[in-house]
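Please open the model in your viewer and keep the selection panel at hand.

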Amino acid sequence: MQAKTAKRSTEVIGIASGKGGVGKTTLSTNLAVALTMMGKRVMLLDGDLGLANAQIALGCQTQYNLSHVIAGDKALKDIIVTSRQGVMLVPGASGVHHMAAISPAITAGIVNAFSELDDDIDYLIVDAAAGIAPSVLAFMEACQRRFIVVKDEPSSIADAYGIIKVMTRDLELDEIYLIPNMVESQAAGAQLYRRVNEVCDRFLGKTLQYLTSIESDELVLGALKKYQSVLEFAPGSAGARDYRRLADAITHLPAIHQASGGLQFFMERLVRQNPGG
């Protein structure tokens with residue numbers, strides 16, 4: 001009998017923000033579509049457990065969501081839907097008040113459930129809720145890389161610094177990337193990164209990483225109103241260009257193997273691929 005093929009390595013990227021309204025979910029869904037268009041197998045976990053809306057951005061209709069998994073009514077594999085773009089979506093719960101404040105233990109159960117999936121997945125993107133709720137931090141801790149989305153506004157910058165401070169000082173996390181969103185230009189985005197990075201270096205003793213910025217583009221909002229990604233709605237737009245650039249940069253990052261020292265998504269696969277770690 002033929003031996004079962006080992007599952008491929010899955011890169012796990014957590015996307016968070018200090019505050020809402022900075023385009024975090026829009027970035028998560030468009031990045032997932034951009035990676036899928038590059039031929040990657042992508043799963044998107046809508047980790048906003050109170051006001052989930054990734055399914056809206058992808059134009060998906062979902063019958064079940066994570067609240068059904070937590071209640072024990074469904075297995076994780078039973079709630080996954082594949083969007084027309086090819087993204088495998090794990091829907092979050094929308095309008096379920098108690099889901100917004102679930103315990104770290106329940107969050108850990110969700111993380112563990114991913115090891116049972118049979119799918120070969122290149123990238124798992126975790127779209128976490130805004131802020132520093134325990135479930136957000138638990139998700140970020142279980143990822144390999146953390147993207148913090150920020151706008152060039154004082155409140156957004158202050159709140160981004162706040163979540164970075166918690167992740168670096170309290171959780172001792174690394175692999176933190178700043179993603180400037182809705183900026184005037186790539187140069188403005190790079191300048192915003194440098195400003196925030198200098199503050200983090202001075203006061204936290206930590207430096208952030210940078211890949212690219214997403215420029216402000218009204219076609220991104222136009223796509224959202226049509227329940228589409230901007231890559232479908234306006235493939236020649238600045239927004240689509242920037243998401244493709246971000247996706248390409250991600251595919252060139254070195255692999256990270258974190259099979260020890262904490263709960264991780266797809267832990268079993270990481271252990272098999274890095275048995276000495």
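A crossing of two helices is called left-handed if the near helix is turned anticlockwise from the far one by less than a right angle, and right-handed if clockwise. Keep that convention for the last stops, and bear in mind throughout that this is a predicted model.

Next, select residues 145-150 and residues 176-183, which are strands S6 and S7; they run parallel and are joined by 5 bridges. Within this pair, Ile 148 has Leu 178 of S7 as its bridge partner.

Then bring in helix H8, residues 186-204, which packs with H7 at an angle of about 40°, the two axes lying 11 Å apart. Because of that angle, H7 counts as oblique to H8. Looking along this pair, you can check that H7 passes H8 in a right-handed crossing.

Finally, show side chains where the helices meet: H7 contributes Ile 157, Tyr 161, Ile 164, Lys 165, Thr 168 and Arg 169, and H8 contributes Leu 192, Arg 195, Val 196, Val 199, Cys 200, Phe 203 and Leu 204. Coloured by class, this contact of H7 with H8 shows 9 nonpolar, 1 polar and 3 charged residues.

Key: Residues are numbered from 1 along each chain as its sequence is written. This is a predicted model: local features need pLDDT of at least 70, side-chain atom pairs count only at pLDDT 80 or more; totals for chains, interfaces and linings use all residues. Side-chain values use heavy atoms; hydrogens and water are left out. Two strands pair if DSSP finds at least two bridges between them. Helices (H or I, at least four residues) and strands (E, at least two) are DSSP runs, numbered from the N terminus. Axes are lines fitted to C-alpha atoms, for helices over the stretch in contact, and angles run from 0 to 180 degrees between N-to-C directions. Angles under 35 degrees count as roughly parallel, over 145 as roughly antiparallel, 65 to 115 as roughly perpendicular and the rest as oblique. Contact means heavy atoms within 4.5 Å. Ala, Val, Leu, Ile, Met, Phe, Trp, Tyr, Cys and Pro count as nonpolar, Asp, Glu, Lys and Arg as charged, and the others, Gly among them, as polar.
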